[in-house]
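Here are a few exercises to work through with the structure open beside you. Try each task before you read its solution.

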Amino acid sequence: MSFRSALRADDAVAVRALVEATGFFRTDEADIAVELVEETLTRGAGAGYQFLFADGPDGKLDGYTCFGRVPATATGFDLYWIAVSPDAQRRGLGGRLLAASAEICRGQGGRRLYADTSGRPQYAPTRAFYLRQGFEIAAVFPDFYADGDDKVVFSKPL
């Protein structure tokens, strides 16, 4: 499977549909995912976000990543979003998207990749995914998102 990095005008709608289909994200979180696409469509590289998209054979978005350099750091990159359609999960797509994104970061001088996720039980598979991909837990912020919903920060050397 090949990935594309060029954004298309319909990607904002496709990203919203994808993140909502996962059942993991609230409406306000989906709004943020769409905002990053729209800002990049408007501002281009100056927005600071990069994307990889995996389009399925039917033309529907199967998965994507959004990542970028951490402001005010020399070599840190954030993985802002990674999402895979429920229909495309458990086929290694998330790992391939993550590896390709990490390679791009490395090619741009990145030395470390960070990813955040929730500490809620629903996110246990997400946390296990990051650990399988070579990330380590770097920090936990108790009750960050809401009472009982920790922020778990992962870090991976590139």
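Contact here means heavy atoms within 4.5 Å. This is a predicted model, in which local features need pLDDT of at least 70 and side-chain atom pairs count only at pLDDT 80 or more, while totals for chains, interfaces and linings use all residues. Residues are numbered from 1 along each chain as its sequence is written, and side-chain values use heavy atoms, with hydrogens and water left out.

**Exercise 1.** Find where Asp 11 lies and which residues Asp 11 touches, not counting residues up to four places away in sequence.

*Solution.* Start with the secondary structure: Asp 11 lies in helix 1, residues 11-22 (helices, H or I, have at least four residues and strands, E, at least two; both are DSSP runs numbered from the N terminus). Next, list the contacts beyond four places in sequence: Arg 4, Ala 6, Val 37 and Phe 53. Finally, check the accessibility: Asp 11 is buried because its relative accessible area is 1% (buried means under 20%, exposed over 50%, partly exposed in between, with a 1.4 Å probe and protein chains only).

**Exercise 2.** Work out which salt bridge Asp 11 makes with Arg 4, and which network the two belong to.

*Solution.* First, the criterion: a salt bridge is a side-chain nitrogen of Lys or Arg within 4 Å of a carboxyl oxygen of Asp or Glu. Then widen the view: Arg 4, Arg 8, Asp 10, Asp 11 and Asp 55 are linked in a network of salt bridges. A search of the whole structure finds 13 salt bridges.

**Exercise 3.** Describe the salt bridge between Asp 149 and Arg 120, and say which parts of the chain the pair links.

*Solution.* Begin with the distance, which is 3.6 Å from N to O. The pair links distant parts of the chain: Asp 149 is in strand 6 (residues 149-157), and Arg 120 is in the loop between strand 4 (112-118) and helix 4 (124-132), 29 residues apart. Now compare burial: Asp 149 is buried at 4%, whereas Arg 120 counts as partly exposed at 27%.

**Exercise 4.** Identify how strand 6 pairs with strand 4 and with strand 5.

*Solution.* Two strands pair if DSSP finds at least two bridges between them. Strand 4 and strand 6 run antiparallel, joined by seven bridges; Tyr 114 has Ser 155 as its bridge partner in strand 6. Strand 5 (residues 136-146) also pairs with strand 6 in the antiparallel sense, over six bridges.
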